[in-house]
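Look over the sequence and the fold before reading on.

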Amino acid sequence: MSPGESAAQRDVVDDELHAAALTVARNAYRPYSGLGVGAAATASDPGGGGSRIVTGCNVENASYGLTLCAECSLVSDLHRTGGGRLLELVVVTDTGDPLAPCGRCRQLLHEHGGPGLVVHTARGVVRLDELLPDAFGPGDLG
Ligand code: THU
């Protein structure tokens with residue numbers, strides 16, 4: 001979502017991201033919690049071209065703590081498909097309801113989308129820095 005974009009253009013992006021997130025949520029490997037989660041985001045092309053959609057679903061593990069969240073899989077997809085930066089993100093359960101990214105994933109998203117990443121939440125569209133204020137990030141090193 002950019003400031004000059006119309007509401008109609010924004011809805012098309014929202015709908016597309018929501019549909020992509022819901023599709024992958026249904027592929028989640030979730031034998032332990034039963035909760036399927038899907039994440040979809042627009043990503044910039046590092047070569048300066050257009051944007052594309054990257055996705056991820058949660059992949060659980062018998063050791064519980066090694067579970068990969070949907071956002072973690074999405075970050076893998078970002079780099080698997082050529083890198084770039086995350087621009088706008090939707091995370092939903094397999095019933096299509098919005099899901100708040102967990103704390104660890106907020107840090108992951110900050111690394112790959114920065115504080116201005118647009119996040120669709122149950123209370124509307126927010127910037128990532130509203131979900132993770134005063135974040136530690138790459139700029140704090142060296
Ligand atoms: N989960 C995610 O995929 N993303 C989050 O941000 C929160 C939680 C998943 C992990 C686990 O498979 C299930 O939801 C229940 O915690």
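Does Arg-123 count as buried or exposed? Arg-123 counts as exposed, because its relative accessibility is 59% and the cut-off for exposed is over 50%. Keep in mind that this is a predicted model.

Arg-123 also has a charged partner. It forms a salt bridge with Glu-130, and the closest N and O atoms are 4.0 Å apart. Glu-130 is partly exposed, with a relative accessible area of 45%. Side chains of opposite charge can pair when their charged atoms come close.

How many salt bridges does the structure hold? There are four salt bridges. One of them joins Asp-94 to Arg-30, with the closest N and O atoms 2.8 Å apart. Asp-94 sits in the loop between β3 (86–93) and α3 (103–113), and Arg-30 sits in the loop between α1 and β1 (37–44), so this pair ties together parts that are 64 residues apart in sequence. Arg-30 counts as partly exposed because its relative accessibility is 23%.

Another salt bridge links Arg-127 and Asp-129. Here the closest N and O atoms are 2.7 Å apart. Arg-127 has 41% relative accessibility, so it counts as partly exposed. Asp-129 has 28% and also counts as partly exposed.

Now turn to the ligand. Which residues are closest to it? They are Asn-58, Glu-60, Ala-70, Glu-71 and Cys-102, out of 13 residues that surround the ligand. By class, this shell has eight nonpolar, three polar and two charged residues.

A polar side-chain atom of Glu-60 is 2.5 Å from a ligand oxygen. For Glu-71, a polar side-chain atom lies 2.7 Å from an oxygen atom of the ligand. Cys-102 uses its backbone: a polar backbone atom there is 2.8 Å from a ligand oxygen. On its own, the ligand has 380 Å² of accessible area, and the protein covers 78% of that.

Leu-68 is placed in the loop between β2 (51–57) and α2 (70–80). Its relative accessibility is 38%, so Leu-68 counts as partly exposed.

Tyr-64 is exposed, because its relative accessible area is 58%. Its backbone deserves a look. Most residues other than glycine have a negative phi. Tyr-64 is not a glycine, yet it has a positive phi of about 60°.

Where else does a positive phi turn up? Asp-134 has one of about 55°, although it is not a glycine. Asp-134 is found in the segment after α4 (128–131). With a relative accessible area of 81%, Asp-134 is exposed.

Glu-16 lies in α1, which spans residues 7–25. At 46% relative accessibility, Glu-16 counts as partly exposed. How far is its C-alpha atom from that of Ala-40? The two C-alpha atoms are separated by 8.9 Å, and the residues are 24 apart along the chain.

Technical notes:
Residues numbered from 1 in each chain as written. Predicted model: local features only at pLDDT ≥ 70, side-chain atom pairs only at ≥ 80, totals over all residues. Heavy atoms only, no water. Near = heavy atom within 4 Å. Polar contact = N/O pair within 3.5 Å; in protein donor to acceptor, adjacent residues only side chain to side chain. Areas by Shrake-Rupley, 256 points an atom, 1.4 Å probe, with all protein chains shown as cover. Nonpolar A, V, L, I, M, F, W, Y, C, P; charged D, E, K, R; others polar. Helix = DSSP H or I, 4+ residues; strand = E, 2+ residues; numbered from the N terminus. Buried < 20%, exposed > 50% of the residue type's maximum accessible area, 1.4 Å probe, protein only. Salt bridge = Lys/Arg side-chain N within 4 Å of Asp/Glu carboxyl O.
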